[in-house]
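Subject: Structure handover, with notes on pockets, cavities and helix packing

Hello,

Here is the structure for you to look through. My notes come after it.

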Amino acid sequence: MTGDWLNPEFVAPLLLEWYGREGRELPWRGTRDPYRVWLSEIMLQQTGVATVIPYYQRFLDRFPTVSDLAAAEADAVIELWAGLGYYSRARNLHAAARVVTTEHGGLFPEEVAELQALPGVGRSTAGAIRAIAFDRKGVILDGNVRRVLCRLLAVESDPRATAVEKELWRWAEALTPEERPHDYAQAIMDLGAVLCTPRRPDCGRCPLAGLCRAKALGLEAELPRRATKKAVPTRIQVALLLERDGCLLVRQRPFSGMLGGLWEFPAAEVGEGGDPSVMARRLLADLGLAGEPAEAGRVRHVYSHFKLDLRLYRAAVAAGFAIAEAAASRWLNAAELAELPLHGAHKKVLSDLIQSQPSTP
């Protein structure tokens, strides 16, 4: 990956000229407010623009400044984030807002090292914030930029390999100009999002097509090489639908760990070779109840690193009967549950329950 034919001085002018004509109009464009830039960059990690836009606007309506976000309860942040996925981002967002408020006087730092010290801000995100918010040179290597560079340089090795990653960062640094870093950062991300897409790159409209080694070699559709996908394991869990006075019991997950702060029906993991019905009875007993919960169907849901096979069991609880509820537990009716930030699999459970209810004339 020598790139001997590629003069870095040629790339930025071509890219900036294209961006001036065809750059996207997005809600976070046209602002230099570091809070808004940071918020958009965190939301855009592993999430598409169309999905992010309504969440971004709702967050700003609720928390217009970093101080407002820092002062919020964690529950309120999780509630607004529900449905956006990768929930550690929401927890880091809240934590970073508090760091900015308490340690930086409410002002975002401009240096990459200080930005990277904020929870949830990696090297590329720090570079994007520095460039876009402060118009200072900031180097980016997110998914879009990585793809552009792999094609521009015809990288046929695994782009995530340590040596290749180091070389891609070197090239990202070399291509990033000192002048107009604000525009360049958005331009190169736009190029990957709009033209240099994962499938069917639109080379005919690409401002860098004449410099692209992959296009010259006819490899533009094959690069970057996709890593062989590992088999995704399936995990079996049980969930109890406990009914009392027209309400169902839900409880909040711990804020640390996967899906932290979201709500769910009482659930437990079924170990390898375990019997879901036995686990359902055990879970029922842990809540201080006896009996045989009735099977009520199943829900399947896919997470980033495993598939979930959720077995549902239903049981009735007598009115006024006290059960061993966790501190963060609530009995809620269907309308109240619909307003609660349930995580994906349990949201499907609620949707199925609502759809199965007979409509009233």
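For the packing notes, axes are lines fitted to C-alpha atoms, for helices over the stretch in contact, and angles run from 0 to 180 degrees between N-to-C directions. Helices (H or I, at least four residues) and strands (E, at least two) are DSSP runs, numbered from the N terminus.

This is a predicted model, in which local features need pLDDT of at least 70, side-chain atom pairs count only at pLDDT 80 or more, and totals for chains, interfaces and linings use all residues. Residues are numbered from 1 along each chain as its sequence is written, and side-chain values use heavy atoms, with hydrogens and water left out.

Helix packing

Helix 9 and helix 11 pack at an angle of about 80 degrees, and their axes are 8 Å apart. That angle makes helix 9 roughly perpendicular to helix 11 (angles under 35 degrees count as roughly parallel, over 145 as roughly antiparallel, 65 to 115 as roughly perpendicular and the rest as oblique). On the helix 9 side, Asn-144, Val-145, Arg-147 and Val-148 meet Ile-188, Met-189, Leu-191, Gly-192 and Ala-193 of helix 11; contact means heavy atoms within 4.5 Å. By class, this contact has 6 nonpolar, 2 polar and 1 charged residues. Here Ala, Val, Leu, Ile, Met, Phe, Trp, Tyr, Cys and Pro count as nonpolar, Asp, Glu, Lys and Arg as charged, and the others, Gly among them, as polar.

Helix 3 (residues 49-62) and helix 5 (residues 74-81) pack at about 150 degrees, with axes 10 Å apart. That makes helix 3 roughly antiparallel to helix 5. Tyr-55, Arg-58, Phe-59 and Arg-62 of helix 3 make the contact with Ala-76, Val-77, Leu-80 and Trp-81 of helix 5. The residues there are 6 nonpolar, no polar and 2 charged.

Pockets

On a 1 Å grid over the protein atoms alone, a cavity is a set of points where a 1.4 Å probe fits but cannot get out, and a pocket is an open set with protein on both sides within 12 Å along at least five of seven lines; lining residues have an atom within 4 Å of a point.

The largest pocket has a volume of about 1300 Å³. Of its 43 lining residues, Asp-142, Gly-143, Asn-144, Arg-147 and Arg-160 lie nearest the centre. Helix 9 supplies the largest share of this lining, 5 residues. The lining divides into 18 nonpolar, 10 polar and 15 charged residues.

The second largest pocket has a volume of about 390 Å³. Among its 19 lining residues, Gly-85, Tyr-86, Tyr-87, Leu-259 and Tyr-303 are closest to the centre. Helix 15 (344-356) gives the largest share, 3 residues. The classes are 7 nonpolar, 9 polar and 3 charged.

Cavities

The whole structure holds 2 cavities of 30 Å³ or more.

For the volumes, grid points are joined across faces, edges and corners, and a volume is the space filled by probe spheres set on the points.

Regards
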